[in-house]
Amino acid sequence: MIETVKDGKGMTLIVKTVTRLTIGFILLYGIYIALNGNISPGGGFAGGVIIALSLVHVMLAFGKEVALKRLHSYAMRFAISIASLVFLYVMMSRWHGTYSHIVIPLAEMVIVSAGLFAIFVALVLLSKSDRDSE
Amino acid sequence: MIEIHLILFFMIVAAIIAVEVKDLLSSVIAVGAVGIGLCMAFLVLKAPDLAIMQLVVEILSLIILIRATIRKDLPFSKSGRWFFNTLATVSFIAVFLTIAHMALKDLPEFGSGQMRVSKAYIDSAVAKAGSEDVVASIIVNFRAYDTLGEAAILFTALIGILAIARKIGKNG
């Protein structure tokens with residue numbers, strides 16, 4: 001199955017259809033895990049990894065271009081930087097007030113999801129360019 | 001406690017298979033079996049937070065291993081400086097074990113006083129942090145600077161990987 005991914009634009013029609021149907025539920029589940037971390041198991045890190053897995057899912061099913069069109073590289077870096085600054089501000093100002101149990105998991109979720117997806121994209125592009133140069 | 005021993009035995013067998021098998025893809029699958037066994041061990045030990053974390057991180061790392069790195073021929077150097085390699089490894093292990101023995105001597109006995117620190121957290125989690133999940137209140141409130149350090153580590157690793165693996169400047 002990996003062989004068909006390499007030359008074509010993504011996988012077969014079955015995989016694409018199932019991906020299109022399930023991707024919203026996966027994103028919703030990631031946000032649920034991140035926001036309900038204070039009353040049930042989970043937290044910002046686990047929710048962020050689930051959202052990164054959904055983006056990886058789109059990228060494996062549809063190919064690189066569609067996934068990067070959904071989440072552009074510059075938008076990804078912008079979101080990571082903004083979320084890091086918000087996280088730093090909330091932690092350093094000791095703002096453990098009314099909405100901190102929403103803001104902290106959201107910032108951690110954005111950092112983890114976009115960061116892990118960026119690492120995945122970078123590794124895939126790196127190995128692909130090595131393969132092309134051979 | 002028979003389940004935890006069964007799971008540990010399964011994990012050890014899978015780890016030995018992962019080291020010894022010749023095919024690289026089979027080795028990666030065996031590593032995934034070790035991770036799933038660890039997830040089940042966390043569930044048996046009643047730590048669902050860690051089980052969720054272990055499961056999702058295991059899946060992501062398996063995808064990265066298969067998709068991004070499995071095609072590259074990893075260099076194995078069987079010949080060469082095997083004597084110095086073995087000497088360095090053995091001496092490092094000896095130094096590590098010595099220092100670990102000196103450090104672990106001062107710790108309390110296994111099984112005694114295990115609730116001394118965590119009892120304060122459990123008692124004051126709802127009152128001070130206002131969150132019913134004690135794990136989340138420890139991570140986000142009592143040890144907030146620890147979480148901040150984690151985020152800083154992830155951010156730094158991301159900057160490093162993006163700087164190494166970016167497209168611009170790789171042709172030079």
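Helix axes are taken here as lines fitted to C-alpha atoms over the stretch in contact, with angles running from 0 to 180 degrees between N-to-C directions. On this basis, in the predicted model, the axes of helix α5 (residues 73-92) of chain A and α7(B) come within 10 Å and cross at roughly 160°. Since angles over 145 degrees count as roughly antiparallel, α5(A) is therefore roughly antiparallel to α7(B). The crossing of these two helices is left-handed. From α5(A), the residues A:Ile80, A:Ser84, A:Phe87 and A:Met91 take part, and they meet B:Ala144, B:Tyr145, B:Leu148, B:Ala151, B:Phe155 and B:Leu158 of α7(B). Nine of the residues in this contact are nonpolar and one is polar, with no charged residue.

The contact between the chains as a whole draws 37 residues from chain A and 32 residues from chain B. On the side of chain B that touches chain A, two or more residues come from each of α3 (48-69), α6 (134-142) and α7 (144-164) of chain B. Of these, α3(B) gives the most, with 13 residues. Classified by residue type, this side of chain B holds 23 nonpolar, three polar and six charged residues.

Within chain B, helix α1 (residues 2-20) packs against helix α2 (residues 24-44) at an angle of about 165°, and their axes are 8 Å apart. This angle makes α1(B) roughly antiparallel to α2(B), and the crossing is left-handed. The contact involves B:Glu3, B:Ile4, B:Ile7, B:Leu8, B:Phe10, B:Met11, B:Ala14, B:Ala15, B:Ile17 and B:Ala18 of α1(B). Facing them in α2(B) are B:Ser27, B:Ala30, B:Val31, B:Ala33, B:Val34, B:Gly37, B:Leu38, B:Met40, B:Ala41 and B:Val44. The contact of α1(B) with α2(B) comprises 17 nonpolar, two polar and one charged residue.

Elsewhere in chain B, B:Leu97 belongs to helix α4 (residues 82-104). B:Leu97 counts as exposed because it has 10 C-beta neighbours inside 10 Å, the cut-off for this class being 12 or fewer. The C-alpha atom of B:Leu97 is separated by 30 Å from that of B:Val57, which lies 40 residues away along the chain.

In chain A, helix α2 (residues 13-35) and helix α3 (residues 44-62) pack at an angle of about 170°, with a separation of 8 Å between their axes. α2(A) is thus roughly antiparallel to α3(A). On the α2(A) side, the contact is made by A:Val15, A:Lys16, A:Thr19, A:Ile23, A:Ile26, A:Leu27, A:Tyr29, A:Gly30, A:Ile31, A:Ile33 and A:Ala34. The α3(A) side consists of A:Gly44, A:Ala46, A:Gly47, A:Gly48, A:Ile50, A:Ile51, A:Ser54, A:His57, A:Val58, A:Ala61 and A:Phe62. By class, the residues of the contact of α2(A) with α3(A) are 14 nonpolar, seven polar and one charged.

The highest confidence in chain A is found in α2(A), at a mean of 89, and the lowest in helix α1 (residues 2-7), at 41. Over residues 1-7 of chain A the pLDDT is below 50, and this stretch has five contacts in the model beyond near neighbours in sequence.

Note on methods:
Residues are numbered from 1 along each chain as its sequence is written. Chains are lettered from A and ligands numbered from 1 in the order in which they are written. This is a predicted model: local features need pLDDT of at least 70, side-chain atom pairs count only at pLDDT 80 or more; totals for chains, interfaces and linings use all residues. Two residues are in contact if their C-beta atoms, placed from the backbone, lie within 7 Å. Helices (H or I, at least four residues) and strands (E, at least two) are DSSP runs, numbered from the N terminus. Ala, Val, Leu, Ile, Met, Phe, Trp, Tyr, Cys and Pro count as nonpolar, Asp, Glu, Lys and Arg as charged, and the others, Gly among them, as polar. A residue is buried if 20 or more other C-beta atoms lie within 10 Å of its own, exposed if 12 or fewer, and partly exposed in between; C-beta atoms are placed from the backbone. Angles under 35 degrees count as roughly parallel, over 145 as roughly antiparallel, 65 to 115 as roughly perpendicular and the rest as oblique. A crossing is left-handed if the near helix is turned anticlockwise from the far one by less than a right angle, and right-handed if clockwise. pLDDT is the predictor's confidence in each residue, from 0 to 100.
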